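Here are some notes on the fold, as numbered points. Please read them with the structure open.

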Amino acid sequence: PLQNCSPFRLAPPVQHRLFSRPAAMSAPAPAAAAAKPKPPADPTAINCVTVLGEHIAKPFRQDIIKVTDQLSPKPKLVGILANSGAPSRAYANWTAKACEAVGIDYELREVGIVASGATEGTAEQGEVEEAILLANQDDNVNGIMVYYPIFGPRQDGYLQQAVSPLKDVEGLNFTWCVSRLFPSGSSDGSY
């Protein structure tokens, strides 16, 4: 259904006195311009349609379920949690539920102090990098997801490049940026 979805009320445009012409300098208005159309009662009213992501995702989920039902072994996604923050933990829990719903095996690998049950803090960068490299080498792992932020943009960016592009389900590895620039493969054609 259509609904008014504009949360803002905009004031009508104000003409600044420095930019307005004095009446004596203004050109006379033509007769046709004198009959101006009446503006709508609420110029900020916007009619829009609410689109729910669930309606868009449903056919994709059904297709994934059809495929995973036929696979043995099931695809496996590894989540790497190195930050004890509640948002990262909630995202990891949501990922587990979403994987279960479509028939993907999910394993959460907690790293460093997070693995020891700490409620605050992050793992050391070397511990996170090691967990990523182990998942890259594990033939039973089809996808890797790291729950960022961990250390900040610079170190997190480095860790994003440590994830194998073949297992990077988030598409954060630079390989995926290059593939957008060169859709047929790598820039030298060897991909």
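1. Start with helix H3, residues 86–102. H3 lies across E3, E4 and E5. Its direction is at about 160° to E4. Bear in mind that this is a predicted model.

2. Helix H4 also belongs in this picture. H4 lies across E3, E4 and E5, and runs at about 165° to E5.

3. Now the sheet itself. Three strands make up an open sheet, ordered E4-E3-E5, with parallel pairing. Strand E4 (105–110) and strand E5 (143–146) are at the edges. Each has a single partner strand, so one side of each lacks a neighbour in the sheet. From one strand to the next, the twist averages 20°.

4. How many bridges join strand E3 to E5? Four. Strand E3 covers residues 76–81, and E3 and E5 run parallel. Take Leu77: its bridge partner in E5 is Gly143.

5. Next, the helix pair. Helix H4 (residues 125–137) packs with helix H5 (residues 153–162) at an angle of about 15°. Their axes are 9 Å apart. Angles under 35 degrees count as roughly parallel, and H4 and H5 are therefore roughly parallel to each other. The crossing of H4 past H5 is right-handed.

6. Which residues of H4 and H5 make the contact? H4 supplies Gln125, Val128, Glu129, Ile132, Leu133 and Asn136. H5 supplies Gln155, Tyr158, Leu159 and Ala162. By class, the contact of H4 with H5 has six nonpolar residues, three polar and one charged.

How values were computed: Residues are numbered from 1 along each chain as its sequence is written. This is a predicted model: local features need pLDDT of at least 70, side-chain atom pairs count only at pLDDT 80 or more; totals for chains, interfaces and linings use all residues. Side-chain values use heavy atoms; hydrogens and water are left out. Axes are lines fitted to C-alpha atoms, for helices over the stretch in contact, and angles run from 0 to 180 degrees between N-to-C directions. Helices (H or I, at least four residues) and strands (E, at least two) are DSSP runs, numbered from the N terminus. Angles under 35 degrees count as roughly parallel, over 145 as roughly antiparallel, 65 to 115 as roughly perpendicular and the rest as oblique. A crossing is left-handed if the near helix is turned anticlockwise from the far one by less than a right angle, and right-handed if clockwise. Contact means heavy atoms within 4.5 Å. Ala, Val, Leu, Ile, Met, Phe, Trp, Tyr, Cys and Pro count as nonpolar, Asp, Glu, Lys and Arg as charged, and the others, Gly among them, as polar. Two strands pair if DSSP finds at least two bridges between them.
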